[in-house]
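Please look over the sequence and the structure before reading on.

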Amino acid sequence: MTDKYDVLKLENQLCFPLYACAREVVKRYRPFLDEIDLTYTQYVTMMVMWEHRSINSKEMGELLHLDSGTLTPVLKALEKKGLVTRARGLDRRNLDVTLTEAGEALKERAVEVPAKVGGCLEIDMEDAVVLSGILNKMLKTF
């Protein structure tokens, strides 16, 4: 017979290893992102910019699963660094964010980051692909 409080054991939680692994993976990014003067949140925001070149802030927030209260300071910081520009578009409620030449140039330095981080993680490619698929499937439900 199992104890009804087993559900409260840390080892029986899905949320805890997800949370702890996410923190550890982001920590592995830090030295490589320091080299290109980006935080992790700025880095994933720039990944969206490199893919889209121009996007409104609402769409970006949806892609990154970030609310405007989190995304706005990130975009302000990236604009201050000269990597993006922000301007009110036709829909005055949203900002249009556009990649600058400096932002595009940073892509050349950032392209090595995934491989560098991959070298710090003790997971083989097959497991990484499976894990990524599971996590992306979960994200689609939120």
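In which helix do Phe16 and Tyr19 both lie, and how many residues apart are they? Both belong to helix H1 (residues 15-35), where they are three residues apart, about one turn of the helix; helices here are DSSP runs of H or I with at least four residues, numbered from the N terminus. This is a predicted model, in which local features need pLDDT of at least 70 and side-chain atom pairs count only at pLDDT 80 or more, while totals for chains, interfaces and linings use all residues. Residues are numbered from 1 along each chain as its sequence is written, and side-chain values use heavy atoms, with hydrogens and water left out.

Searching the whole structure gives four aromatic pairs, where rings of Phe, Tyr and Trp (its six-membered ring) pair if their centres lie within 6.5 Å, and planes under 30 degrees apart count as stacked, over 60 as edge-to-face and the rest as tilted. The pair of Phe16 and Tyr19 is tilted, because the ring centres are 6.5 Å apart and the planes stand at 45°. Another tilted pair is Tyr29 with Tyr43, at 5.7 Å centre to centre and 45° between the planes. Since Tyr29 lies in helix H1 and Tyr43 in helix H2 (residues 40-52), this pair ties together parts that are 14 residues apart in sequence. Tyr29 and Tyr43 are both buried (under 20% relative accessible area, with exposed over 50% and partly exposed in between, for a 1.4 Å probe and protein chains only), and together with Tyr40 they form one aromatic cluster.

Ser57 lies in helix H3 (residues 57-64) and is buried, with a relative accessible area of 15%.

Definitions and conventions. Helix = DSSP H or I, 4+ residues; strand = E, 2+ residues; numbered from the N terminus.
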